Amino acid sequence: MEITIRVNGQERTASVPPETTLLTMLRANLGLTGAKLGCDVGDCGACSVLVDGEPVNACLMLAAQAAGRDVLTIEGLGDFQELSPLQEMFELFSSFQCGFCAPGMIISAKALLDKTPNPTAAEVREALSGNLCRCTGYTKIIDAVMEMASRGAAESERA
Amino acid sequence: MVIKVEDALRADRLTELKHPDEAAGVPAVARKEGRAPQIVPDANQQTPAVGQRVTRPDSRPHITGQTRYIDDLSFPNMLHMKILRSEHAHARIRAIDVSEAEKMPGVVATLTGREIPVNSFGPSYQDQPVLADEKVRHMGDGVVAVAAETEQLAQDALARIKVEYEPLPLVLDPLEAMNDDAPKIHGDSNIYATKAIRKGDVESALAEADLVMEGRFSTQMVEHVPMEPHATIAMWEPDGRLKILSSLGRITLGRADVARTLDMPVNRIQIVGTIVGGNFGGKNEITTEPVLALLARKTGRPVKGVFTRQDEFVSSTTRHPFIMDYRTGVRKDGRILARKVRIVADGGAYCSWSETTLGKGAILSVGPYRIDHLEVKAYAVYTNKTTCGAMRGFGAPQVCFGYESHMDDIARELGIDPLEIRLRNAFDEGSSSPTGQVLHSVAVKESLETVAHRVGWREQTS
């Protein structure tokens with residue numbers, strides 16, 4: 001079946017079997033390998049993307065369910081030459097070691113900060129609870145998000 | 001402020017890292033002739049790297065999603081492999097029928113253990129088949145591999161494969177596995193590695209003790225759970241050389257295992273170790289590399305194999321569960337006179353890194369304490385469970401749980417503060433390890449005192 005999704009601001013179309021997940025379509029058909037397959041059952045969060053602004057495990061959503069909707073993947077944030085402010089913060093804090101959880105973790109953090117620009121540490125932990133990191137970088141990941149939040153709050157006070 | 005790696009490592013900073021003797025003003029001649037060179041910096045010596053903020057060189061690819069792990073790579077015409085695993089923890093394989101699976105559209109090839117030139121591998125003993133041929137020894141044993149046009153087709157084909165088994169008696173408890181009448185998993189004994197350490201005269205010292213404490217401590221199996229499952233791509237170059245891209249951590253060892261199992265010269269095999277999404281010891285040996293190589297040769301196409309999360313749990317190696325029996329003789333003042341330890345390491349179905357783990361576990365099982373009379377006996381035992389292998393610490397976390405729990409029990413029994421009993425027995429500068437290694441840069445007591453001070457231990461317990 002033919003499926004069209006707006007991915008990172010661009011209309012993308014692929015012809016896929018009906019059982020194809022959003023994750024498989026992104027990775028295999030559209031060449032967007034930033035979202036990872038870690039568990040395939042929605043436990044690890046390595047496949048996190050935003051669908052109409054909501055964080056979703058792309059391994060659990062069929063590509064057909066995303067048809068006509070807005071999908072944001074890690075490739076839709078900053079790039080190698082110009083990071084987004086949130087990505088800059090993760091680089092500053094050296095939050096990641098092996099990096100496999102990084103794309104999903106950053107997407108979940110963005111989902112939180114878009115709605116709750118000044119979260120408490122407990123809110124950050126809750127928002128990232130669906131993203132597993134096995135190198136145990138949680139502390140620096142949470143620190144990065146908290147720092148981003150406090151800088152964002154300072155900017156909005158000045159504005 | 002961000003200090004770049006190159007700034008932190010620039011030459012004029014590196015010159016600040018002086019040889020400790022030079023820093024202490026020892027003349028060069030004396031350093032060369034008078035004393036053994038000091039190759040380890042003194043404890044607490046500051047090196048230029050400590051305290052600096054550096055940017056990880058791999059951070060930018062990671063956070064932009066551009067790091068290429070194996071599963072992010074693909075090649076034209078590439079096939080996908082899945083593995084059918086055993087239905088039994090211990091069984092003889094009577095027959096395998098792949099004909100129905102091979103007829104499925106999209107299925108290109110299958111592979112069984114009998115097609116592997118030398119079907120055994122392992123870092124110490126080559127006791128593990130790449131795919132089980134005569135019998136399966138645990139539920140994680142692979143039996144048949146399928147290469148198909150897509151992952152889904154390969155997965156679907158597994159259900160069409162018929163394997164006829166003759167179930168055999170199981171042994172799951174490592175202590176039972178040590179009995180003479182236990183079902184045998186390999187050969188005629190389930191005990192496949194032993195280590196022993198003896199020092200002084202344990203029995204006499206125990207007889208002189210004011211108190212002899214005994215305790216049994218056991219730990220559980222632990223899976224590494226790397227976020228990235230094991231992943232490999234194999235392909236043959238036009239000149240007949242084999243190229244493997246793998247999440248394998250030890251590519252040199254892996255290359256020797258691939259050469260052995262495929263019965264081909266090592267110089268015709270190239271293994272490219274890529275960025276790994278978490279290893280922790282679980283990716284230290286080959287898994288399906290020879291299978292992918294043979295399927296790639298059969299089909300003439302690149303073949304990718306990525307473990308499912310289930311493969312990862314049942315088939316990849318885990319941390320050994322230990323059963324540890326401690327017997328320690330102490331004086332009333334808490335000073336340890338003698339210690340006996342017996343370790344039984346549940347190795348699961350195959351040896352893997354058990355020998356290494358058992359050795360390190362045995363040496364460290366006494367703890368960082370000055371004990372003149374010792375006896376350690378350690379055994380690695382086969383059971384019909386997931387294979388245990390390398391994992392961070394190689395047996396050290398297990399025995400640390402054992403000896404430190406035991407120390408707490410002794411302290412409680414004697415009515416001595418748990419910190420105090422450790423300070424009375426801990427290694428000093430120049431103490432000998434259980435195997436006679438003279439230890440330098442020993443900071444056990446200082447570390448304990450520092451922690452006690454920082455958490456306010458004495459204030460809380462007084």
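This is a predicted model: local features need pLDDT of at least 70, side-chain atom pairs count only at pLDDT 80 or more; totals for chains, interfaces and linings use all residues.

Author: What makes D263(B) worth a look is its backbone: phi is positive, about 55 degrees, and yet the residue is not a glycine. Most residues other than glycine have a negative phi. Now, is D263(B) buried or exposed? Count the other C-beta atoms within 10 Å and you get 9. The cut-off for exposed is 12 or fewer, so D263(B) is exposed.

F280(B) lies in the loop between β12 and α11 (289–299). Here too phi is positive in a residue other than glycine, with a value near 60 degrees. The surroundings are another story: F280(B) has 21 C-beta neighbours inside 10 Å. Being buried takes 20 or more, so F280(B) counts as buried. To put the pair together, D263(B) is exposed, whereas F280(B) is buried.

One last thing about chain B is how it meets its partner: 25 of its residues are in contact with 31 residues of chain A. On the chain A side, α2 (85–92) and α3 (102–115) each supply at least two of the touching residues. The largest share comes from α2(A), with 4 residues. Sort that side of chain A by class and you find 18 nonpolar, 7 polar and 6 charged residues.

Note on methods:
Residues are numbered from 1 along each chain as its sequence is written. Chains are lettered from A and ligands numbered from 1 in the order in which they are written. Two residues are in contact if their C-beta atoms, placed from the backbone, lie within 7 Å. Ala, Val, Leu, Ile, Met, Phe, Trp, Tyr, Cys and Pro count as nonpolar, Asp, Glu, Lys and Arg as charged, and the others, Gly among them, as polar.
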